[in-house]
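Here is a short briefing to read alongside the model. Keep the structure open in your viewer and follow each group of points in turn.

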Amino acid sequence: MADPYPQVYLGDRLVPAAAAHVSVASSAVLYGLSVYTVFPVFVAGAERTAFRLPDHFRRMVESCRIIGIDRFAQEWDYERFRTAAMELVAANAPAEDVFVRATVHVVQSIPGTRVRGCDIQVSMFVYPATPIVPQDGMRLKSSPWRRIPDNAIPSRAKVNGAYVNSVLAKQDAIDSGYDDCVFLDGNGHVCELSAANLFLVRGGTLITPDVSCDILDGINRRSILTLAAEDGIPVQERTVDLTELYIADEVFVTGTSAGCAPVFEVDGRVIADAAGPITQSLRKRHAAALRTDQVHGWVTPL
Ligand code: PMP
């Protein structure tokens, strides 16, 4: 991630990036007790739009609810969130497409590991929208690190501490010469990448692990499922074996920072040497929806 733009939102105001501090004694730092999201902002001249901003806010509320960070829903509503994002982006006036990372930090310093009733601070910062995986055909490695199950640290909650799991798996993949990992659960079923959801195509059917497969309920994943259904593509959300990936006709990934990008290889098995027809058409539809969707109400002017 590149350095943030100069103005950062923290608490209830904009501050210079160098002054945007969270205490070393906060539970956010001590236990990874923060919840976050990253949403894209598209810039076209003076116009700026965010993709599915209400859904990003809702997912943060839900993540806080799972973890027990009760102050967020008490102190923040969508309108406050949208206004903060708007002020932040206006103050930084980006001339390029950017990502905004919004975080709810548990800032209270408390003895022991508790969360309910603790003070929070919200931060938001802007950085260049650089994809985190290759966009022209990536190579994936199934990870020796298992995905954290719902009854340990739920993947459904986008909580910072859980990303240690992603770091272990992504670093292992990079060290082995791959672009990213495929997380498997304890039974060997496919979950997702370190920070993206996974789709495969077999015989014209689009398949993706369902939301009970220890995945993040990705906002781009949902969008692809909607677009595919509209295009009449049969869709299955279900458990997926690793070996199904090996014999898929097409594999691609989705995510705010991953885009909608094809996979060419998994564990040394070649899937393709070019994006397949369903990947290509959904990728095109997704790219258009991000910026100009007028059908689903997915675009929010900022
Ligand atoms: N899974 C994980 C673990 C992620 O971190 C992300 C990125 N937020 C995704 C999936 C994709 O989610 P989204 O489409 O909402 O960016």
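In this predicted model, a polar side-chain atom of Lys158 lies 2.9 Å from a nitrogen atom of the ligand. The protein buries 97% of the 390 Å² that the ligand exposes when taken alone. The points below begin with the ligand and its surroundings, then turn to the strands.

**Around the ligand**

- The ligand sits in the largest pocket.
- There are 16 residues surrounding the ligand, and the closest are Arg59, Tyr163, Glu192, Asn220 and Thr256.
- Arg59 has a side-chain N or O atom 2.7 Å from an oxygen atom of the ligand.
- For Thr256, an N or O atom of the side chain is likewise 2.7 Å from an oxygen atom of the ligand.
- Helix α6 (219–230) and strand β12 (250–255) each supply at least two residues of the shell around the ligand.

- On one side of the pairing pattern, β3 runs antiparallel to strand β4 (residues 47–51), and four bridges join the two.
- One of the residue pairs to look for here is Phe42, whose bridge partner in β4 is Thr49.
- β3 and β4 form a hairpin with two residues between them, and Gly45 in the turn has a positive phi of about 65°.

**Strand β5 and its partners**

- β3 also pairs with strand β5 (residues 98–106); the two run antiparallel and are joined by eight bridges.
- Within this pairing, Val35 has Val104 as its bridge partner in β5, and Thr37 has Ala102.
- β5 pairs with strand β6 (residues 120–128) as well, in the antiparallel sense and over nine bridges.
- In that pairing, Phe99 has Tyr127 as its bridge partner in β6.

**How β5 is covered**

- Is β5 mostly covered or mostly open, and how many of its residues are buried? It is mostly covered, with nine of its nine residues buried.
- In a regular strand, side chains alternate between the two faces of the sheet.
- One side of β5 carries Val98, Val100, Ala102, Val104 and Val106, all of them buried.

Technical notes:
Residues are numbered from 1 along each chain as its sequence is written. This is a predicted model: local features need pLDDT of at least 70, side-chain atom pairs count only at pLDDT 80 or more; totals for chains, interfaces and linings use all residues. Side-chain values use heavy atoms; hydrogens and water are left out. Two strands pair if DSSP finds at least two bridges between them. A residue is near a molecule or strand if one of its heavy atoms lies within 4 Å of it. A polar contact is a pair of N or O atoms within 3.5 Å; within protein, one must be able to donate a hydrogen and the other to accept it, and residues adjacent in sequence count only if both atoms are side-chain atoms. Accessible areas come from the Shrake-Rupley method with a 1.4 Å probe; for residues, only the protein chains shown count as cover. On a 1 Å grid over the protein atoms alone, a cavity is a set of points where a 1.4 Å probe fits but cannot get out, and a pocket is an open set with protein on both sides within 12 Å along at least five of seven lines; lining residues have an atom within 4 Å of a point. A molecule sits in a cavity or pocket if more than half of its atoms lie within 2 Å of its grid points. Buried means under 20% relative accessible area, exposed over 50%, partly exposed in between (1.4 Å probe, protein chains only).
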